[in-house]
Amino acid sequence: MSLLIRRDIWVLKPAFEIGQPLAGYGVGVVLRSDNSDVVVGQHLHGRGFIFEQYFVLLSLPLGMYFIDKHGHPGLPLTTYLGALGVPGKTAWAGWKDFASSKKGETVFVSSGASAVGTMVIQLAKLDGLKIIASAGSEEKVEFLRKLGVDVAFNYKTVDTRGVLEREGPIDIYWDSVAGETFNAAIDNAAAGARFLECGQMTTLNSVGSHALTINNPMPIFGKSVSIHFISSFVIIPKHVEEFYRVVPAALSAGTLLRSPEDVRHGLECVGEMIRAVQSGETKGKAMVVVGEEAQD
Ligand SMILES: NC(=O)c1ccc[n+]([C@@H]2O[C@H](COP(=O)([O-])OP(=O)(O)OC[C@H]3O[C@@H](n4cnc5c(N)ncnc54)[C@H](OP(=O)(O)O)[C@@H]3O)[C@@H](O)[C@H]2O)c1
């Protein structure tokens, strides 16, 4: 018996349209303003940025925020796409809502060196958990060790199932990849385990994308595993105030670390960057600088 959970009926993001500019999460600076509440030089971050050197906004779109209200002076602007952006907030809110962690438990984090994974690992560390985490290069595995991960491994050269059989059972699984990794985690879940389904990197480009295939559902019943599907839109608002109170200062003080970044320059490399993200070739959070801020 196998179970297939499909999410492509409800589309999170529509497909790109030929001839239309791409939009995504970004950081920008106000160059001109006809609105007395918005001052030239203010920085914005969030959703709704178009991959153009500049664009005109008639009003502030939902999900776009002023950095001077929520940020911390001195942090690089790239922080607002990772630890202080949706990835960091999703990790924070998802962990608070669904992990129910207890000291001494074991957590497995896939995509451990991603922006989301980096935050999850540090929250798990603060809660006193044993942490198993995977990433796709030796460089990233080294970073995981720096974060304090107990069992860090490269899933491209080491068998995930074997690691979980040796180091599990796991009480919490933070899933950013779905696919076979999810099934290996289910087979090595402890009784009462919590699965936090955040992303599906392995299935993004497959037919029927956003599907979670469960090869063997029996352990889910047998071990009473609870599976929580995470939507940043739903979970962030409840936690955002606490997040901004704690996280920017901690990042600035270095008590929380940011994930590695892969920053490239020029509008012309956007397409290549999207391809690289979807094939797992990036060295960190993927960002493209499409325009430089003029310095006085
Ligand atoms: N549910 C939500 O509301 C929500 C919100 C934000 C993010 N997310 C999800 O959280 C996850 C992490 O997001 P992020 O922004 O932190 O990502 P990120 O920093 O851009 O990192 C993504 C990582 O995924 C891994 N990857 C890429 N292609 C892969 C493949 N085919 N198989 C396995 N791994 C692959 C790569 O790491 P390796 O080199 O280690 O493989 C890549 O660096 C993503 O799945 C994203 O969709 C969900």
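Domain bounds here come from an automatic or database domain assignment. The model shown in every view is predicted.

**View 1**
The shell around the ligand takes at least three residues from domain 1 (20–80 + 248–289) and at least three from domain 2 (86–232). In total, 24 residues surround the ligand. The closest are V116, G136, K140, Y155 and K285. Sorted by class, the shell holds 10 nonpolar, 12 polar and 2 charged residues.

The side chain of K285 places an N or O atom 2.6 Å from an oxygen atom of the ligand. At V116, a backbone N or O atom lies 2.8 Å from an oxygen atom of the ligand. A nitrogen atom of the ligand is 3.5 Å from a polar backbone atom of V277. On its own the ligand has 910 Å² of accessible area, and the protein covers 84% of this.

Strand β12 spans residues 261–265, and strand β13 spans residues 285–289. The two strands pair in the parallel sense over 5 bridges. Within this pair, E261 of β12 stands opposite K285 of β13. On the way from β12 to β13 the chain passes through helix α9 (residues 270–278). This β-α-β crossover is right-handed. K285 is also among the closest residues to the ligand.

**View 1. The peptide bond between G168 and P169.**
G168 and P169 are joined by a cis peptide bond, with omega at about 0°. P169 belongs to the loop that runs between α5 (160–167) and β8 (170–175).

**View 2. The backbone at S100.**
S100 has a phi near 45°, which is a positive value in a residue other than glycine. The residue sits in the loop between α2 and β5 (106–109).

Definitions and conventions
Residues numbered from 1 in each chain as written. Predicted model: local features only at pLDDT ≥ 70, side-chain atom pairs only at ≥ 80, totals over all residues. Heavy atoms only, no water. Pairing = 2+ DSSP bridges. Helix = DSSP H or I, 4+ residues; strand = E, 2+ residues; numbered from the N terminus. Right-handed = clockwise from strand over helix to strand, strands pointing away. Near = heavy atom within 4 Å. Polar contact = N/O pair within 3.5 Å; in protein donor to acceptor, adjacent residues only side chain to side chain. Areas by Shrake-Rupley, 256 points an atom, 1.4 Å probe, with all protein chains shown as cover. Nonpolar A, V, L, I, M, F, W, Y, C, P; charged D, E, K, R; others polar.
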